[in-house]
Amino acid sequence: MTPGGVSSMTYEDADIFAFISKKSRPVSAPEKVTVSENETLSGGNSASKISPENEIGGREKELFKEISGSEESSDPATKPAFEELPVPLPETVTETDIQNPSGSDSKAFSSTFSGASELSGLSRAVPAPASSFYPEDSYPADFSEKEELPFEKFEDYDFGISGAPPSLVEAFGIVTTGIEPLEITPSAATITGYIASARRSEIRLGTYVVVPYEDGEKLFARVGKLQYRQEFAVDDATEIHSRRMLNARASPINEADYKFLACLDPLCILYRKKTEGALTRRMADRIPRPNTPILPVTDRLEVQTGLNIPEEGVFLGHLSVGGELVKTHSEPETVAYYLRNDYSMGDPLIFRHMLICGSTGTGKTFLSKNILRQFMTESNRYRLRNASDKARKNPCLVIMDPQDEYSQIFEDNETLTDDDRFRFESENVACGRVQSTKAFVAKVDGQKYPGDKSRAEQIEFTIPFSFVEHNSWLIAATGMSELQYIGLEVLLGDFFKSSVPHTYQNFISHIENEGTRSYYVDSNRIHESSYDGIVRRVSSRFFSKVFDRDATPISDIVDKIFKPGQISVFPTEYISSPRIRDLIVLTIMSMIVDNKLNTTGIDAIKETPIILALDEAHRYLSKANGEHARLIISRFADAARQGRKEALGLFLITQDPQDIDDTVIKQINTKLILNLNNDAAISSLKVPKEYERRIPYLKKGQMIIHSPDNSDIVEILGLSSCVVRHR
Ligand SMILES: Nc1ncnc2c1ncn2[C@@H]1O[C@H](COP(=O)(O)OP(=O)(O)OP(=O)(O)O)[C@@H](O)[C@H]1O
Ligand SMILES: [Mg+2]
């Protein structure tokens, strides 16, 4: 790529050249400029400026003056070169002209990329012949006819699928072939772009771009690699160079001395089937032409289509790259990320389950409130396949709340401004308190629920011991051997057949009775050591505090808990014993799972769409140790599999996703990954490597969303304020 004349340049020459814009150096009057292809392509960075026959000419000096903004001598030699060029009378081409070229000549989209002046960072009115895209510095003095242009042009260029001409002013750069050939194979692609110096700071790994084709299709791509290369052959790994650079007053690097290259990973081709048809995407199956402009994505629909993001659904956040929002020319300019919540392509994705994971304090609860609130709009209704009446119903949101934070959904976030609300409305973000929020409080001896976080109604309940009849695992402590567990089932089976009231106290008195012991041990129905082990583990003082307390049995208020359109929060923070907390959560979980799975389940559960939000999910769904724990997990995984049929959506929240059993993880379609710094946690999520590497660097509110049936994997930023109270 190094043009003739440059190869003989010495280090000193290059150095002087690099700093020319900062030094007042007498320059010779310009010769009539002969423009070569190399000059045109490299814009203001042309090496021909220092070629022997064209040293640092007046045109170049003018160019540098404009770059540096410094006034140089009033020597006539420094007059703008175009005045001396034998070109047709120039008119001023404004930005509008560039965007709205008239006539077929201007539509001919020269692959020299006529936005070269913009590429070099010179955003200004460019004197040029009318109806031409040629900026003065690339306008060849000797060409007055377009046929004579040395570059390929697009005939009848159609300016884009959105009807508007590509905004050349905004181009990041052009597609090049000088470094690597342009190439696409079924499995890989090499598309290298030269990025203009003025735009380099805007480009990040992951930046989305479009590259237009001549027939209106567009390549939608993502920057997958960035690279600086020397523009001139100099040895910059030297002591003298390093000292000079370190001593430089301003920026030690002159962008014009380097090529800044962006390798584009094609994501898809955007096209319309018919001129007026909907924007669609297909596999990237063609390469862009050399010298085509690389443009930022300015149309929201193009980004959404390019990344396969639904245009509506449950709002999760805004598309971002490296923590910066992707902005378009649409109104609003941000790109909302929605989760499909209708039946247009199968079932709403909440019934394929969601996982929110992030280390402590990364904003899981904040984000969860913002997302869960979205499901609680009056118009959000789901159908139940097996329900007797076919009407669609609002979901019931059941939240297991270990830190007493979710009953605040009953309260507005008073810090929201009218502006915030207006923005939310413009992107269909539901906001504001949900009046139907209720707190269901388990009565536990010696523990009091403070209930001071919100004014939501509180309803007390107790768990009747009879519930254990079909859920023996609830009192089977971890560490119980398989033999003990089998023995416990025998004891419970017999007890529930007896006529004594089925309370916990009666059960304990029964098994502690010496007669009962000899009955089971002497008949060899339960081994002696197992029997004693069972009694020791089951007669834990924890259980006596929670079963059969003085409150309504939960079985009597099922209709009150599982009600369409209601949020039922189960706070557990006020309970000091983790075993009791787990018991309560597991009770609610198994009520939901059993009744959803059983054909004869309770109507209130079976016929209500339920979204079960489980904070600290790893506690309840951890990799099973012991047969009975495996049973619970497999039942839960079954329920997850049936989620779509039964309208049961799991919304799992955890800081330890690696602890959740694989059978459950496999059922989850949508993963929202906040900052995680534990390698085991990160690798358990199985996201592509390039995203995995970013997870430890995610800032608060920034997340990776992996939802294969919803969109391509992308990064999004959650809202920076909470749509309900979060304190
Ligand atoms: N997107 C955000 N923008 C601004 N502040 C946020 C955001 N997300 C969370 N926060 C703030 O960060 C703090 C921690 O958030 P949150 O309680 O949601 O974290 P968490 O992950 O649930 O923590 P824990 O592990 O303790 O449950 C809160 O004060 C919250 O207001
Ligand atoms: Mg939390």
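How many of the 6 residues of strand 22 (residues 610-615) are buried? Here is a short tour that starts with that strand.

1. **What you are looking at.** This is a predicted model, in which local features need pLDDT of at least 70 and side-chain atom pairs count only at pLDDT 80 or more, while totals for chains, interfaces and linings use all residues. Residues are numbered from 1 along each chain as its sequence is written, and chains are lettered from A and ligands numbered from 1 in the order in which they are written.

2. **The overall picture.** Of the 727 residues in the chain, 43% are buried. Buried here describes a residue with 20 or more other C-beta atoms within 10 Å of its own; 12 or fewer make it exposed, anything in between partly exposed, and the C-beta atoms are placed from the backbone. Among contacts with a separation of 6 or more, 74% link residues 24 or more positions apart. A contact is a pair of residues whose C-beta atoms, placed from the backbone, lie within 7 Å.

3. **Strand 22.** To return to the opening question, 6 of the 6 residues in strand 22 are buried. I610, L612 and L614 point one way, I611, A613 and D615 point the other way, and all are buried. Strand 22 runs parallel to strand 23 (residues 648-654), and 6 bridges join them. L612 has L650 as its bridge partner in strand 23. Strands count as paired if DSSP finds at least two bridges between them.

4. **Strand 18.** Strand 18 (residues 396-401) also pairs with strand 22, in the parallel sense and over 5 bridges. Here C396 stands opposite I610, and L397 stands opposite I611. Strand 18 has buried residues on both faces: C396, V398 and M400 on one side, L397, I399 and D401 on the other. Strand 18 pairs with strand 21 (residues 567-571) as well, parallel and over 5 bridges, with I399 opposite V569.

5. Helix 11 (residues 482-497) and helix 14 (residues 528-538) pack at an angle of about 75°, their axes 9 Å apart. They are therefore roughly perpendicular to each other, a label used for angles of 65 to 115 degrees. The axes are lines fitted to C-alpha atoms over the stretch in contact, and angles run from 0 to 180 degrees between N-to-C directions. Helix 11 contributes L483, Q484, G487, L488 and L491 to the contact, and helix 14 contributes S530, Y531, G533, I534 and V538. By class, that makes 6 nonpolar, 4 polar and no charged residues. Ala, Val, Leu, Ile, Met, Phe, Trp, Tyr, Cys and Pro count as nonpolar, Asp, Glu, Lys and Arg as charged, and the others, Gly among them, as polar.

6. Helix 10 (residues 418-426) is hardly covered, with 0 buried residues among its 9. After helix 10 comes N428, whose phi is positive, near 55°.

7. **The ligand.** Around ligand 1 there are 14 residues, the closest being G363, K364, T365, F366 and G701; a residue is near the ligand if its C-beta atom, placed from the backbone, lies within 6 Å of it. This shell has 1 nonpolar, 11 polar and 2 charged residues.

8. **One loop residue.** I713 is in the loop between strand 25 (702-706) and strand 26 (714-717). I713 counts as partly exposed because it has 16 C-beta neighbours inside 10 Å.

How values were computed
Helices (H or I, at least four residues) and strands (E, at least two) are DSSP runs, numbered from the N terminus. Angles under 35 degrees count as roughly parallel, over 145 as roughly antiparallel, 65 to 115 as roughly perpendicular and the rest as oblique. Two residues are in contact if their C-beta atoms, placed from the backbone, lie within 7 Å.
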